[in-house]
Every structure is written in C-alpha cells, then in structure tokens.
Amino acid sequence: MSSCVKPLVKSNEPPIVLLHGFDSSCLEWRYGYPLLEEAGFETWAVDILGWGFSDLENLPPCDVVSKRNHFYQFWKSYIRRPMILIGPSLGSAVAIDFAVNYPEAVEKLILIDASVYAEGTGNLATLPRSVAYAGVYLLKSLPLRLYANYLTFTNMSLGTILDGTNVGRLHCLLPWWDDATVDFMTSGGYKIAPLIRKVKQKTLIIWGANDRIVSNKLAVQLHCELPNAILRQIPDCGHIPHLERPDSTVKLIVEFIKTEKKKLSRCVSQVSQVSS
C-alpha cells in the first residue's frame, strides 16, 4: 500500500523524507528531489495513504489515524532512524501530527506554506455520501484543477500551469481515488492547531511571499506558536515554493540542516572539553 521514490544516495546522516499536500503525490517534488540528492542527502518522497499512487484496491480507511499509522509502519519498515520530515501545505498538518505522536521518529521539521489552522474538512464531513461523491468528481475536473493551479503560482506561463495540472491530477485517475477521497472528507480531516505548541523538534518554516492560498499572517502566527522555529520567506513566490522556486527552497533547506549540524558539533565539542 506504499508508493514512494526511494533514494539513490545512502547516508549515515538523518534522511530527508518529503511529504506532499492535499490530494497530491510525490511527483510534487519532481524539481526539488533531484536537487536534494545532488546536495548529497538521502532523500525519500512518500505518498500519504489515500493520495498519490499507493495500491488501495482493498480500500483501507483513509482517515487521519490511518494515515498516521500507515506512515509510521512505512518509517519503521524502511527508514528506521530519526528523519528530517518536510511537509508542504496540508502535508505540514500530516508532519506535525506525526511528529507529536512519534517524536522519536523525527529529528527536525520543515513546514512549507503550512495549512495547519483549518478545522478539518468542515461541513464536508456531514455531507451525504452521494453528495460527497459528486464533490469529489468536481475536485478532479480539469477546469477546477486549472483554476487551483492559477491561484497557486505567481507569474507562471499558461503552458507551465497546464503541465502542472496534468501531473497533479494523474493519481486521480486510479480506480480507488474517489472512495479514498470521500472516506477522508467524511472522516473530518486534520484539526491539529492544538498540537502546534507540543512540537519539540527544531523547525524551519518556509513561505512563499505571494501565497494566495494560505495567508502570510498565518506564517507569523505559526512562527510564534511553535516552541523552536525560524521563518524564511521566498520573494515572488506562491503556495508551492518547491515547484515554483525549487532552487531557493532547496537552498533554505540545506542551509537549515547544515547550520543545525554545526551547532550540534560545537555543543559536542564543548561538552568534550569540559569533560576532559
């Protein structure tokens, strides 16, 4: 039931694990993933249960708890050591939920244009299933996806937006996508605002300065509520920086990881000096 992009590069350092946003897939990282591998990081891109290209022929539940448990089993089976977990958009909610429930599995968090203050799926959770299926049919329609991509990006050509739309809806063509999406919608979705202050990991927040999906004001709020976080903005960039400005996004990720590693090395060195 797990689809992912496995790393070509193996490392003794904590691996980077890339999640994706709502109703997306690991292909969301098609520009950023190669840059992270070129920088020498062991990198995984994982499809969240119910989205992406996982084989769901047996139609498992796709609520929040099932998504969390599935990801934990994936981590326990394949990664097996603390990771640097990166979540964009709703993937930030997935990352926070996971980091709070399994802190031993996450060394650091990186949240990109985080959608973490929504009250789950709201009124969609109370819809009759027949109406929910009609809504899901609309969700994968080409016109709606095109409009969503238009809102998502800044100063992108129509050809690029159309390409992103086609790639972004590929997984919607799988036969179980409708059932998995309706199951998530009617389950209530992610409501993780109360968990934000419980995050123990050092966190980098990355935000596109021109995000029209999630307000920059929420970036500041998130920065204030997370116990140990730094905030960096990418100018002239919309809601998905790793697609629109992959070079800038990866640069911020690499700088954050290397800076924290240097700090840790200095602390270890100071402790060794005191001990001797």
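Figure 1. G87 stands opposite L111 of strand β5. In this predicted model, β4 and strand β5 (residues 106-112) run parallel and are joined by 6 bridges.

**Figure 2. V17 between two neighbouring strands.** Strands of a sheet pair through backbone hydrogen bonds, in either a parallel or an antiparallel manner. Strand β2 (residues 16-18) runs parallel to β4, with 3 bridges between the two. Within β4, L85 is the bridge partner of V17. Strand β3 (residues 43-46) also pairs with β2 in the parallel sense, again over 3 bridges. There, V17 stands opposite W44 of β3.

**Figure 3. The sheet as a whole.** The 7 strands form an open sheet in the order β1-β3-β2-β4-β5-β6-β7, and their pairing is mixed. Its edge strands are β1 (4-5) and β7 (229-234), each of which pairs on one side only. In the strand order, β4 stands between β2 and β5.

**Figure 4. The setting of the sheet within the protein.** The protein contains 10 helices and 7 strands. Its radius of gyration is 19 Å, close to the 19 Å given by the globule rule for 276 residues, so the protein is as compact as a globular protein of that length. The C-alpha trace spans about 70 × 40 × 35 Å along the principal axes. Among contacts between residues at least 6 apart in sequence, 78% join residues at least 24 apart.

**Figure 5. Burial, surface and charge.** Of the 276 residues in the protein, 51% are buried. The accessible surface comes to about 12900 Å², and carbon and sulfur atoms account for 57% of this area. The protein has 28 positive and 26 negative side chains. The centres of these two sets of charges lie 6 Å apart.

Definitions and conventions. Residues are numbered from 1 along each chain as its sequence is written. This is a predicted model: local features need pLDDT of at least 70, side-chain atom pairs count only at pLDDT 80 or more; totals for chains, interfaces and linings use all residues. Side-chain values use heavy atoms; hydrogens and water are left out. Helices (H or I, at least four residues) and strands (E, at least two) are DSSP runs, numbered from the N terminus. The radius of gyration is taken over C-alpha atoms; the globule rule is 2.2 Å times the number of residues to the power 0.38. Buried means under 20% relative accessible area, exposed over 50%, partly exposed in between (1.4 Å probe, protein chains only). Contact means heavy atoms within 4.5 Å. Accessible areas come from the Shrake-Rupley method with a 1.4 Å probe; for residues, only the protein chains shown count as cover. Lys and Arg count as positive and Asp and Glu as negative; His and the chain ends are not counted. The place of a charge is taken as NZ of Lys, CZ of Arg, CG of Asp or CD of Glu. Two strands pair if DSSP finds at least two bridges between them.
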